[in-house]
Amino acid sequence: MREKIGQMLLLGFRGRTAADTALIVRDLREHAVGSVILFDLDMTSTIDSGAPGRRNIESPAQLRALVAHLQAQARLPLLVAIDQEGGRVNRLKPAYGFPETISAEELGQRDDLAFTRAQSEATARTLAAAGINFNLAPVVDLDANPDNPIIKGKRRSFAADPEKVARHAAEWVRGHRAHGVLSCAKHFPGHGSAAGDTHLGLVDVTATWHERELTPFRRLIEAGLGDALMSAHVFNARLDPALPATLSRAVITDLLRNQLGFRGVVLSDDMEMKAISAHYGLEKAVVSAVNAGVDLLCFGNNMSYDPDIAPKVVALIERAVADGRIAAARIDESCARVLALKRGAGLPLPS
């Protein structure tokens, strides 16, 4: 059971070389953590100028060596994730020796599907060369609110038209698959109409969300292009009067799985974002997310840093299974989906 739970964690960590990764290696070995996420900046540490310090990424050669080291230490092959959307959401920057990228908004404005595919393949080649097999992109939120600080403000949406978003997102996924890199469409059931940022606090989209925001997700699922989908932490009383999407069975299981027919991995947005962490304790948030149907819990360990977040989460899920708050079958389902996703990335798993 503990090993299955470990496969449900996507964990951020500090360290750039084998010599300074003792904590994440402990989590891989002792707690069977199955996935890691890479960041260039460490938001909880600063350099002399007061700017964020460096976290996991210095150069292409350093990154390849780091990922290879982590894979060698893991009990099962790892999903190695990153947010490499292009444009402003870009962990592999030219300053570190990686190619320039462009934003989803620029791709949508150009509206050349062959060009979007080419840009996707270029990004996937860069990731594959580093050993990264899971890109937390594309964003399929609609450009639905000009005052949205986290989607429109960072030029992360392809377009306002859901069918156009779906077309470009499909080419993005295909371009990544051509190089053995998985994609993750985000943020379900839609963050584009929001007026706030879930990194900073509760965001209520009840009055602004429209059902058309589901269209890009529906199209990817229908086309068999949903490697994984990421939940949003938005609150929408029309979908669930009590809980934000990540914690909502009505959203994750009833809507996404039962109505839209998604059978793949559901990844949470970072559980440390204030929309969750400022309103729910760790245990309630984790138990609710698992019961909602989330398969892979993201703890970026970057908005706040806890060296023991992995053992804490594994232990609390184990307790919740033991006392009946989470059914053992839920753990089995999620673990099976994560292992299937790993096989989809070509990872050598035991039969």
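How many bridges join S10 to strand S11, and do the two run parallel or antiparallel? Let's work through this and two more exercises together.

This is a predicted model, where local features need pLDDT of at least 70, side-chain atom pairs count only at pLDDT 80 or more, and totals for chains, interfaces and linings use all residues. Residues are numbered from 1 along each chain as its sequence is written, and side-chain values use heavy atoms, without hydrogens and water.

**Exercise 1. Describe the sheet around S10.**

Step 1: Three bridges link S10 to S11 (residues 228-231), and the two run parallel. Strands here are DSSP runs of E with at least two residues, and helices are runs of H or I with at least four, numbered from the N terminus. Two strands pair if DSSP finds at least two bridges between them.

Step 2: Across from Phe188 you will find Ser231 in S11.

Step 3: The open sheet has three strands, ordered S10-S11-S12, with parallel pairing. Its edges are S10 (185-188) and S12 (265-267), each pairing on one side only.
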